[in-house]
Amino acid sequence: RGRSAVSRLSRRFLWITLIGSLAVNLFLAGFIVASVVNRGWDGHHGRAHRGRLHLRAAFRVLDGDTREMAQKTWRERLPEIRERLRAIREAHRNFRATLDKADTDPAAVQAAFQRVHDARGAAQALIHKTIREIGEKLTPEQRKAFYKAVFERRFRRRDRHRPPSTSREN
């Protein structure tokens, strides 16, 4: 009798330990998965690509009238930028449709891929031209802070709330 009570107690202890261990492992795995989903393996937020621009942060480093001028310039160009982004999506749809065809010609695949590449290049060129136009209207100090903020690749976790010009160097 004494032996079966100890056996039941140790069996119960093992089950509780097993469930607790499983819970801790799932908890840690959730943190890892959330980190990858929210930041990506290379530390960038969300599904954004490596060359993501940080326009909000860039506008925050400017003050008053200068910020309004920069935002106005961006807003004026925004419809054309959106049109170019739509062209990228359309080129991607056409590329996928080309790949889905059973008798896909390699030349057709290459042409569809080239259209995607050209659409991306056109959108990127317009975005960079707009950023350059904004930068040309700034003083040298403002321009340096603006360009640094636009193209800065990442913030340190503790500096996320600060504009890039006041963050510590990485």
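Colleague: So is Phe 113 buried or exposed, or something in between?

Modeller: Phe 113 counts as partly exposed, at 44% relative accessibility. Buried means under 20% relative accessible area, exposed means over 50%, and partly exposed is in between (1.4 Å probe, protein chains only). Keep in mind this is a predicted model: local features need pLDDT of at least 70, side-chain atom pairs count only at pLDDT 80 or more, and totals for chains, interfaces and linings use all residues. Residues are numbered from 1 along each chain as its sequence is written, and side-chain values use heavy atoms, with hydrogens and water left out.

Colleague: How many aromatic pairs are there?

Modeller: Four. Rings of Phe, Tyr and Trp (its six-membered ring) pair if their centres lie within 6.5 Å; planes under 30 degrees apart are stacked, over 60 edge-to-face, and the rest tilted. One of the four is Phe 95 with Phe 113, tilted, at 6.0 Å centre to centre and 55 degrees between the planes.

Colleague: And Phe 95, buried or exposed?

Modeller: Phe 95 is buried, at 18%.

Colleague: New topic: which residues have the most contacts inside the largest nonpolar core?

Modeller: Phe 59, Trp 74, Ile 131, Ile 134 and Phe 146, in a core of 18 residues. A nonpolar core is a set of buried Ala, Val, Leu, Ile, Met, Phe, Trp, Tyr and Cys residues joined through side-chain atoms within 4.5 Å.

Colleague: What about a second core?

Modeller: That one is separate and has seven residues, including Ala 112 and Val 116.

Colleague: Back to rings: which residues are linked into a cluster?

Modeller: Ring pairs link Phe 59, Phe 146 and Tyr 147. Phe 146 is buried at 0%, while Tyr 147 is partly exposed at 26%.
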